[in-house]
Amino acid sequence: MEKLIIIDSCMREESRTRVILEAAKEVLSARYDIETIDVNAIGLPPLTPETLKERTLGKVPEEALSIAGRLASADRIVIAAPFWDMSFPAILKAFFENMSLYNVTFTDDGTTCTGICRCSKVLYITTRGMNIPTGDFRDQGSSYLQALSSLWGLGEVITVAAWNLDYMPLEKVAEKVRETAELARKISEEF
Ligand SMILES: Cc1cc2nc3c(=O)[nH]c(=O)nc-3n(C[C@H](O)[C@H](O)[C@H](O)COP(=O)(O)O)c2cc1C
(Lines give C-alpha, C1' and ligand atoms only; values in the text may rest on other atoms or scores of the structure.)
Protein backbone atom coordinates (compact mmCIF):
# COMPACT_ATOMS: atom_id res chain seq x y z
CA MET A 1 0.00 0.00 0.00
CA GLU A 2 1.21 3.49 -0.76
CA LYS A 3 1.96 5.80 2.15
CA LEU A 4 -0.02 8.96 2.92
CA ILE A 5 0.83 11.42 5.65
CA ILE A 6 -1.81 13.68 7.18
CA ILE A 7 -0.44 16.87 8.73
CA ASP A 8 -3.21 17.86 11.13
CA SER A 9 -2.92 21.42 12.41
CA CYS A 10 -6.56 21.84 13.47
CA MET A 11 -6.94 23.67 16.77
CA ARG A 12 -10.51 23.56 18.03
CA GLU A 13 -12.45 20.57 19.31
CA GLU A 14 -15.35 21.65 17.11
CA SER A 15 -13.04 22.32 14.15
CA ARG A 16 -14.90 22.53 10.86
CA THR A 17 -11.66 21.96 8.99
CA ARG A 18 -11.28 18.60 10.76
CA VAL A 19 -14.83 17.57 9.76
CA ILE A 20 -13.78 17.98 6.12
CA LEU A 21 -10.48 16.17 6.81
CA GLU A 22 -12.34 13.21 8.34
CA ALA A 23 -14.51 12.90 5.21
CA ALA A 24 -11.40 12.78 3.01
CA LYS A 25 -9.72 10.31 5.38
CA GLU A 26 -12.66 7.90 5.18
CA VAL A 27 -12.13 7.57 1.43
CA LEU A 28 -8.32 7.69 1.49
CA SER A 29 -7.96 5.00 4.15
CA ALA A 30 -9.21 2.39 1.67
CA ARG A 31 -6.21 2.99 -0.59
CA TYR A 32 -3.44 4.34 1.60
CA ASP A 33 -1.43 3.38 4.62
CA ILE A 34 -2.07 6.58 6.63
CA GLU A 35 0.10 8.20 9.29
CA THR A 36 -1.31 11.27 11.03
CA ILE A 37 1.05 13.89 12.40
CA ASP A 38 -0.59 16.01 15.09
CA VAL A 39 1.26 19.30 14.71
CA ASN A 40 0.01 20.66 18.05
CA ALA A 41 0.93 17.53 19.99
CA ILE A 42 4.44 17.45 18.53
CA GLY A 43 4.85 21.20 19.07
CA LEU A 44 8.17 21.67 17.27
CA PRO A 45 9.55 25.12 18.11
CA PRO A 46 10.68 27.64 15.48
CA LEU A 47 14.42 28.01 14.93
CA THR A 48 16.33 30.35 17.25
CA PRO A 49 19.88 31.75 16.87
CA GLU A 50 21.10 28.79 18.98
CA THR A 51 19.22 26.02 17.15
CA LEU A 52 20.12 27.55 13.79
CA LYS A 53 23.79 27.37 14.77
CA GLU A 54 23.35 23.70 15.70
CA ARG A 55 21.59 22.96 12.44
CA THR A 56 24.44 24.60 10.53
CA LEU A 57 26.76 22.17 12.33
CA GLY A 58 24.57 19.29 11.20
CA LYS A 59 22.83 18.78 14.54
CA VAL A 60 19.10 18.35 14.02
CA PRO A 61 16.71 17.11 16.74
CA GLU A 62 16.14 13.39 16.19
CA GLU A 63 12.35 13.68 16.20
CA ALA A 64 12.38 16.36 13.49
CA LEU A 65 14.84 14.38 11.36
CA SER A 66 12.77 11.24 11.67
CA ILE A 67 9.49 12.96 10.71
CA ALA A 68 11.17 14.80 7.82
CA GLY A 69 12.47 11.48 6.48
CA ARG A 70 8.99 9.98 6.60
CA LEU A 71 7.53 13.07 4.91
CA ALA A 72 10.15 12.86 2.18
CA SER A 73 9.23 9.27 1.43
CA ALA A 74 5.41 9.66 1.54
CA ASP A 75 3.53 9.14 -1.72
CA ARG A 76 0.82 11.69 -0.82
CA ILE A 77 0.45 14.44 1.76
CA VAL A 78 -2.76 15.91 3.20
CA ILE A 79 -2.57 19.15 5.18
CA ALA A 80 -5.52 20.30 7.29
CA ALA A 81 -5.33 23.70 8.98
CA PRO A 82 -7.73 26.51 9.84
CA PHE A 83 -7.17 29.81 8.02
CA TRP A 84 -5.49 32.09 10.53
CA ASP A 85 -4.16 35.59 9.96
CA MET A 86 -4.51 35.18 6.22
CA SER A 87 -2.62 31.88 6.10
CA PHE A 88 -2.39 29.13 8.73
CA PRO A 89 -1.39 28.83 12.39
CA ALA A 90 2.21 29.77 13.21
CA ILE A 91 2.82 26.34 14.76
CA LEU A 92 2.37 24.82 11.29
CA LYS A 93 4.92 27.25 9.85
CA ALA A 94 7.30 26.19 12.64
CA PHE A 95 6.60 22.56 11.73
CA PHE A 96 7.50 23.25 8.08
CA GLU A 97 10.65 25.09 9.19
CA ASN A 98 11.69 21.98 11.12
CA MET A 99 10.98 19.75 8.11
CA SER A 100 12.82 21.88 5.59
CA LEU A 101 16.10 20.01 5.86
CA TYR A 102 18.91 20.01 3.35
CA ASN A 103 19.33 16.61 1.69
CA VAL A 104 16.14 15.34 3.36
CA THR A 105 13.25 17.29 1.83
CA PHE A 106 15.27 19.46 -0.57
CA THR A 107 18.78 19.83 -1.92
CA ASP A 108 20.48 22.11 -4.45
CA ASP A 109 21.86 21.61 -7.90
CA GLY A 110 24.53 24.30 -7.70
CA THR A 111 22.18 26.88 -9.21
CA THR A 112 19.10 26.71 -7.04
CA CYS A 113 17.21 24.64 -4.49
CA THR A 114 15.38 21.60 -5.72
CA GLY A 115 12.95 19.21 -4.06
CA ILE A 116 13.71 15.58 -3.32
CA CYS A 117 10.40 14.40 -1.86
CA ARG A 118 8.62 11.41 -3.33
CA CYS A 119 5.12 12.92 -3.01
CA SER A 120 3.36 13.83 -6.24
CA LYS A 121 0.12 15.37 -4.91
CA VAL A 122 -0.86 17.43 -1.89
CA LEU A 123 -4.40 17.94 -0.63
CA TYR A 124 -4.79 21.11 1.43
CA ILE A 125 -7.97 21.37 3.48
CA THR A 126 -8.95 24.61 5.17
CA THR A 127 -11.89 26.74 6.30
CA ARG A 128 -11.90 30.53 6.35
CA GLY A 129 -13.99 32.90 8.43
CA MET A 130 -13.97 35.77 5.95
CA ASN A 131 -15.23 35.84 2.39
CA ILE A 132 -11.86 34.96 0.86
CA PRO A 133 -12.02 32.51 -2.04
CA THR A 134 -9.07 30.23 -2.82
CA GLY A 135 -6.60 32.05 -5.06
CA ASP A 136 -7.58 35.52 -3.81
CA PHE A 137 -4.46 37.59 -3.03
CA ARG A 138 -5.47 37.46 0.65
CA ASP A 139 -5.30 33.64 0.62
CA GLN A 140 -1.71 33.18 1.67
CA GLY A 141 -2.33 29.58 2.72
CA SER A 142 -2.62 27.88 -0.63
CA SER A 143 -0.04 30.15 -2.27
CA TYR A 144 2.47 29.35 0.50
CA LEU A 145 1.89 25.61 0.12
CA GLN A 146 2.41 25.85 -3.62
CA ALA A 147 5.71 27.61 -2.99
CA LEU A 148 6.70 24.97 -0.42
CA SER A 149 5.77 22.26 -2.89
CA SER A 150 8.13 23.79 -5.41
CA LEU A 151 10.94 23.81 -2.79
CA TRP A 152 10.41 20.23 -1.61
CA GLY A 153 9.13 18.73 -4.89
CA LEU A 154 5.67 17.71 -3.71
CA GLY A 155 3.80 18.09 -6.99
CA GLU A 156 0.34 19.51 -7.52
CA VAL A 157 -1.39 21.20 -4.56
CA ILE A 158 -5.18 20.76 -4.55
CA THR A 159 -7.01 23.09 -2.16
CA VAL A 160 -10.40 22.19 -0.72
CA ALA A 161 -11.82 25.12 1.22
CA ALA A 162 -14.99 26.59 2.64
CA TRP A 163 -15.02 30.32 3.28
CA ASN A 164 -17.16 33.10 4.76
CA LEU A 165 -18.11 30.68 7.55
CA ASP A 166 -18.00 33.33 10.27
CA TYR A 167 -20.38 35.58 8.35
CA MET A 168 -23.28 33.33 7.39
CA PRO A 169 -26.23 31.95 9.36
CA LEU A 170 -25.42 28.78 11.33
CA GLU A 171 -27.59 26.52 9.18
CA LYS A 172 -25.78 27.81 6.09
CA VAL A 173 -22.44 27.05 7.77
CA ALA A 174 -23.50 23.44 8.38
CA GLU A 175 -24.64 23.13 4.76
CA LYS A 176 -21.39 24.64 3.45
CA VAL A 177 -19.26 22.30 5.59
CA ARG A 178 -21.31 19.31 4.38
CA GLU A 179 -20.90 20.36 0.73
CA THR A 180 -17.16 20.89 1.15
CA ALA A 181 -16.78 17.52 2.92
CA GLU A 182 -18.54 15.95 -0.05
CA LEU A 183 -16.12 17.67 -2.42
CA ALA A 184 -13.19 16.43 -0.31
CA ARG A 185 -14.60 12.88 -0.58
CA LYS A 186 -14.91 13.17 -4.36
CA ILE A 187 -11.38 14.52 -4.79
CA SER A 188 -10.03 11.82 -2.48
CA GLU A 189 -11.41 9.11 -4.76
CA GLU A 190 -9.00 10.24 -7.50
CA PHE A 191 -6.19 11.43 -5.25
C1 LIG B 1 -6.62 33.07 15.79
C2 LIG B 1 -7.57 33.13 14.62
C3 LIG B 1 -7.22 33.84 13.49
C4 LIG B 1 -8.09 33.91 12.39
N5 LIG B 1 -7.72 34.64 11.30
C6 LIG B 1 -8.54 34.68 10.23
C7 LIG B 1 -8.17 35.41 9.07
O8 LIG B 1 -7.14 36.04 9.00
N9 LIG B 1 -9.02 35.39 8.01
C10 LIG B 1 -10.20 34.68 8.02
O11 LIG B 1 -10.87 34.63 7.00
N12 LIG B 1 -10.58 34.00 9.12
C13 LIG B 1 -9.79 33.98 10.22
N14 LIG B 1 -10.17 33.28 11.33
C15 LIG B 1 -11.44 32.53 11.30
C16 LIG B 1 -11.23 31.08 10.92
O17 LIG B 1 -10.55 30.96 9.70
C18 LIG B 1 -12.55 30.32 10.77
O19 LIG B 1 -13.37 30.47 11.89
C20 LIG B 1 -12.27 28.85 10.49
O21 LIG B 1 -13.43 28.22 10.03
C22 LIG B 1 -11.75 28.14 11.73
O23 LIG B 1 -11.52 26.78 11.42
P24 LIG B 1 -11.89 25.60 12.41
O25 LIG B 1 -13.39 25.57 12.56
O26 LIG B 1 -11.36 24.39 11.74
O27 LIG B 1 -11.22 25.89 13.71
C28 LIG B 1 -9.34 33.23 12.43
C29 LIG B 1 -9.68 32.50 13.60
C30 LIG B 1 -8.82 32.46 14.67
C31 LIG B 1 -9.22 31.68 15.91
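1. Start with the helix pair H1 (residues 16–28) and H7 (residues 170–190) of this predicted model. Their axes come within 8 Å and cross at roughly 30°. Angles under 35 degrees count as roughly parallel, and H1 and H7 are therefore roughly parallel to each other. The crossing is right-handed.

2. Now the residues behind that contact. H1 contributes Arg16, Val19, Ile20, Ala23, Ala24, Glu26, Val27 and Leu28. H7 contributes Val173, Val177, Thr180, Ala181, Ala184, Arg185, Ser188 and Glu189. By class, the residues of the H1–H7 contact divide into 10 nonpolar, two polar and four charged.

3. Next, the sheet. It is open and has five strands, in the order S2-S1-S3-S6-S7, with parallel pairing. Strand S2 (32–38) and S7 stand at the edges with a single partner strand each, so one side of each has no neighbour in the sheet. The twist averages 15° from one strand to the next.

4. Two strand pairs can be checked by their bridges. Strand S3 (residues 76–80) and S6 run parallel and are joined by five bridges. Valine 78 stands opposite leucine 123 in S6. Strand S6 (residues 121–127) and S7 also run parallel, joined by seven bridges. Here isoleucine 125 has valine 160 in S7 as its bridge partner.

5. Which strands does helix H6 (residues 140–152) lie across? They are S3, S6 and S7, and H6 runs at about 165° to S7.

6. Yet six of its seven residues are buried, so S7 is largely enclosed by the rest of the structure.

Definitions and conventions. Residues numbered from 1 in each chain as written. Predicted model: local features only at pLDDT ≥ 70, side-chain atom pairs only at ≥ 80, totals over all residues. Heavy atoms only, no water. Axes fitted to C-alpha atoms, helices over the stretch in contact; angles between N-to-C directions. Helix = DSSP H or I, 4+ residues; strand = E, 2+ residues; numbered from the N terminus. Parallel < 35°, antiparallel > 145°, perpendicular 65-115°, else oblique. Left-handed = near helix turned anticlockwise from the far one by under 90°. Contact = heavy atoms within 4.5 Å. Nonpolar A, V, L, I, M, F, W, Y, C, P; charged D, E, K, R; others polar. Buried < 20%, exposed > 50% of the residue type's maximum accessible area, 1.4 Å probe, protein only. Pairing = 2+ DSSP bridges.
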